[in-house]
Amino acid sequence: MLPNGAIDVSHVYKRFHADKRRALLRDQIQILRNRVVRQTRPKWRWVLRDIDFKVEAGEAVGLIGTNGSGKSTLLKMLNQIMFPYAGHIDVGGRIGALIEVRSGIHPDLSGRENTFLYGSLLGLPRREVAARFDEIVEFAELTDSIDRQVKFYSSGMQMRLGFAIAAFLEPEVLLVDEVLAVGDAPFQQKCLERMRQVLEAGTTLVLVTHDLTAFEATTQRGIWLKDGVVAMDAPIRQTLSAYRDFIETYAVSSAADSGPVRITKVSVSAAEGGHVRADAPVAVRLVVDCDEAVDANLYLGISEGAATPVFTVSDEAHLPVGESRIDCRLEQLPLARGRYALWGGVYTTSGKSLAEWRPLLTFDVSGAELGSAPRAVARLAPIVIGARWEHS
Amino acid sequence: MTVDLPREALFRRHLRPGKMMADLWASREAVRSLAERDWRARYKQAVLGLAWAVLTPVMLMLIFTLVFKHGAKVETDGMPYPLFAYLGLLPWTLFSTSVSQGVLAIVGNNALLNKVYFPREVFAIAKVLVALIDMAIAMTVLFLLFGINTFMPRPTSYWAIPMLLIMLAFALGVSIFMSGVSVYLRDIRQAIPIILQLGLFITPVAYDLSYIPASVRGIYVAINPLGGVIDGLRRSVLLGEAPHLGITVIAACSAAVYLVGGYALFKRMEKGLADVA
């Protein structure tokens, strides 16, 4: 028996049928006949191969990967909805899961009935659900509509109810899949907040999302799934930066450079020589190639990975026909040590795109590392600010 | 892509009966919630509400009385025909509702299937529970019929309890099994109403078990324990005798095999339900 909250995934394989088949008698007979008469073997699509990891009770793990990498299937197997083909999975304690947006939600029942139904499916007695009911309704902001049928809820309302139920019924393991995408910004913030509270209470969290900053805010460890295998299992920052590199090569190569203005050369270096340091000036040099002379706005930005930039700077310039060189000196980079991307774009003064806004190159910054804060403290903050403290 | 794995690496579910029963017991709230939900959903929408539970067996009883008593002159050994037919229709309705609803139990709960884990037989059990409540409501008519026919239930009526258990075991076994099969063979849903209609006539509901030749009666009851149940009910409630011992034992054993067998087969199917559904 595993201790409550621990997860043990051991050499797990999962496959699905790759051939076209329907759950109909006719198809099944056809398949059976092919198998017996023609000795054809069924074709399989391997969704997960040799997945092997352990999670300690109270750990917060992010599952990272592109669409179709097997994250959701893995989560479903952790939740015992699906079973592996080979290997075994053990999860200690009660599991609360928010898989798919309307998790645990039955459209024909009211919000109230759903709450009790879901609680009963988690194995909670009615009175325990009743004890937490008010909290759930309040968190989901559904006080007025809790007795309405859920099918008349907006998708945001359904998601809020689903999240509130899963997060407030105090499971030992909380599985969350792609839910933050639906809620509005304040509610996303609330969910992150609640996840941190749940974590502090000792719940194990497994999170799947495409919002990479949400990972950093809540998880300590990142498992990167790539085409059904574990590509990396490391502290979240490391996994994320590797994943971002992967995504970037993807992004940079996919943006075709065919506008009227082309950025042909880019470099980032320390203005005073040596490594690019966070606390020293940085020189950015661009070479642009124009088809015709134009008055343009130049934009530069720096991002952590392929997400939106942390900051941008801009300048007006007259660009002549042919190649011209542009230098920009950034007085200081308020960034932690790590790998960053330089973004650039050129627009007309009226805002028309001349060279599309996109990541141009990645570079490494040496400097202070962000201290490892206790888990409950947000590590969303990507920038470093000098601060002087006094204690009396 | 091919992946070759040694046999011993393959995932095996360790299903021990004790553990399965414990899991099921832990899910009793879920059974209750699901049954309550089905119950409400059904009667909220229907204009006649609760009357539906009564209407089906009563209509059939009236039709049978017309056709079999006055038309075909079915021999009932002195039992008033409406009571005779109704005592057959109660178990039959329980069974047919359990099966026809059982087929939809998992297919119709796709949303839940993909989100939360609990033993999947819970869906079918909830359907049988609803059918049982329907039967309890339909029983009120039975008392009315006793009044109309100025007929008193016999003191041996307590035999109805073991009969009820036998038919519950049978209904559960078939319903649980069908709930799983219908996920893999969706078109079975279309076949079920026809099979059930046929079943109504090959089960001694409108006529007496004695119409089945004595030489095959044992085998018949082994295949269809409802025959034994209905016969036992009529003998004990209407005739004041104990049910036929041999027939009852066969029916009980058969129902037990249906229950255990259906459950075991279902548990084997359970593993792949979410992959297909």
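1. Two residues are taken to be in contact if their C-beta atoms, placed from the backbone, lie within 7 Å. On this criterion, the contact between the two chains draws 38 residues from chain A and 31 residues from chain B. Four helices of chain B each supply at least two residues of the side that touches chain A: helix 2 (28-45), helix 5 (110-113), helix 7 (160-184) and helix 12 (273-276). Helix 2 of chain B gives the largest share of that side, five residues. By class, the side of chain B that touches chain A holds 20 nonpolar, eight charged and three polar residues. Here Ala, Val, Leu, Ile, Met, Phe, Trp, Tyr, Cys and Pro count as nonpolar, Asp, Glu, Lys and Arg as charged, and the others, Gly among them, as polar.

2. The model is predicted: local features need pLDDT of at least 70 and side-chain atom pairs count only at pLDDT 80 or more, while totals for chains, interfaces and linings use all residues. Residues are numbered from 1 along each chain as its sequence is written, and chains are lettered from A and ligands numbered from 1 in the order in which they are written.

3. Chain A contains eight helices and 16 strands; these are DSSP runs numbered from the N terminus, helices being H or I with at least four residues and strands E with at least two. Of the 392 residues in chain A, 38% are buried, that is, 20 or more other C-beta atoms lie within 10 Å of their own C-beta atom, as placed from the backbone. Among contacts in chain A between residues at least 6 apart in sequence, 72% link residues at least 24 apart.

4. One open sheet of chain A has three strands in the order 2-1-4, with antiparallel pairing; two strands pair if DSSP finds at least two bridges between them. Strand 2 (44-55) and strand 4 (86-91) of chain A are at the edges with a single partner strand each, so one side of each has no neighbour in the sheet. Neighbouring strands of this sheet are turned by 25° against each other on average, direction ignored. Strand 1 (residues 7-17) of chain A pairs with strand 4 of chain A over five bridges in the antiparallel sense, and A:Ile7 has A:Val91 of strand 4 as its bridge partner.

5. A hairpin of chain A deserves a separate remark. Strand 8 (residues 221-226) and strand 9 (residues 229-235) of chain A pair in the antiparallel sense over six bridges. A:Lys226 has A:Val229 of strand 9 as its bridge partner. Two residues lie between the strands of this hairpin, and A:Asp227 takes a positive phi near 50°.

6. Helix 3 (residues 111-121) and helix 4 (residues 126-140) of chain A pack at an angle of about 135°, their axes 10 Å apart. Axes are lines fitted to C-alpha atoms, for helices over the stretch in contact, and angles run from 0 to 180 degrees between N-to-C directions. The two helices of chain A are therefore oblique to each other. A:Thr115, A:Phe116 and A:Gly119 of helix 3 meet A:Arg126, A:Val129, A:Phe133 and A:Ile136 of helix 4 in this contact.

7. In chain B, helix 4 (residues 81-105) and helix 6 (residues 121-148) pack at an angle of about 160°, with their axes 9 Å apart. Helix 4 and helix 6 of chain B are therefore roughly antiparallel. For such labels, angles under 35 degrees count as roughly parallel, over 145 as roughly antiparallel, 65 to 115 as roughly perpendicular and the rest as oblique.

Methods: Buried ≥ 20, exposed ≤ 12 C-beta atoms within 10 Å, placed from the backbone.
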